[in-house]
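Me: Can you walk me through this fold? Keep it short.

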Amino acid sequence: MSHREQYQHVIELQERVVREMKRLEAEGEVPSALEHAKEKAVAWAEAVEKEDGNDKSYREWPPKQFAHELKKNINLFGNHEGTQFVREYEQAVGKIKYNADHEEV
């Protein structure tokens with residue numbers, strides 16, 4: 001799987017998790033740290049989808065941080081399907097190579 005395909009897979013999983021979070025947000029159950037991480041991850045996804053080449057103007061940290069916050073708050077998702085989305089997202093993010101953070105821009 002190419003770097004681009006990995007990103008696309010992460011973005012697709014992220015969209016499912018964000019949809020699942022909407023229910024929690026309506027109930028006022030989303031901690032601010034998780035909400036903040038989600039906003040950064042959504043902005044990251046938008047930047048990735050706009051890129052045509054291998055521009056390193058964005059970094060992979062936002063989805064990693066979002067996955068970390070999701071893991072800390074996985075009990076909020078309650079049902080099996082919701083927690084499964086979180087686990088799939090976390091695994092996909094874990095497979096992204098973070099070497100881009102070490103390259104000079």
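Reply: First, the ground rules. This is a predicted model, where local features need pLDDT of at least 70, side-chain atom pairs count only at pLDDT 80 or more, and totals for chains, interfaces and linings use all residues. Residues are numbered from 1 along each chain as its sequence is written, and side-chain values use heavy atoms, with hydrogens and water left out.

Me: How many helices and strands are there in the protein chain?

Reply: Four helices and zero strands. The order from the N terminus is α-α-α-α. Helices here are DSSP runs (H or I, at least four residues; strands are E, at least two), numbered from the N terminus.

Me: What share of the residues is buried?

Reply: Buried residues are 39% of the 105 in the chain. Buried means under 20% relative accessible area, exposed over 50%, partly exposed in between (1.4 Å probe, protein chains only).

Me: Helix packing next. At what angle do H1 and H2 cross?

Reply: Roughly 145°, with the axes coming within 10 Å. Axes are lines fitted to C-alpha atoms, for helices over the stretch in contact, and angles run from 0 to 180 degrees between N-to-C directions. H1 passes H2 in a left-handed crossing. Left-handed means the near helix is turned anticlockwise from the far one by less than a right angle; clockwise is right-handed.

Me: Which residue classes make the contact of H1 with H2?

Reply: Eleven nonpolar, two polar and six charged residues. Ala, Val, Leu, Ile, Met, Phe, Trp, Tyr, Cys and Pro count as nonpolar, Asp, Glu, Lys and Arg as charged, and the others, Gly among them, as polar.

Me: Now H3 and H4. What is the angle there, and how far apart are the axes?

Reply: H3 (residues 61–72) and H4 (residues 80–95) pack at about 145°, axes 9 Å apart. The H3 side of the contact includes Phe66 and Leu70, and the H4 side includes Tyr89 and Val93. Contact means heavy atoms within 4.5 Å. By class, H3 with H4 has seven nonpolar, no polar and three charged residues.

Me: On to the largest nonpolar core. Which residues touch the most other members?

Reply: Val17, Met21, Phe66, Leu70 and Tyr89, out of 26 residues. Such a core is a set of buried Ala, Val, Leu, Ile, Met, Phe, Trp, Tyr and Cys residues joined through side-chain atoms within 4.5 Å. H1 gives the most to this core, with eight residues.

Me: What does Tyr89 touch, leaving out residues up to four places away in sequence?

Reply: Among others, Val10, Gln14, Val17, Ala41 and Phe66.

Me: Gln14, then. Is that one buried or exposed?

Reply: Buried, at 3% relative accessible area. Gln14 is in H1. Beyond four places in sequence, Gln14 touches Ala41, Val42, Trp44, Ala45, Pro63, Phe66 and Tyr89.

Me: Last one: where is Leu34?

Reply: In H2. Leu34 is buried, with a relative accessible area of 0%. The C-alpha atoms of Leu34 and Glu69 are separated by 5.4 Å, though these residues are 35 apart along the chain.
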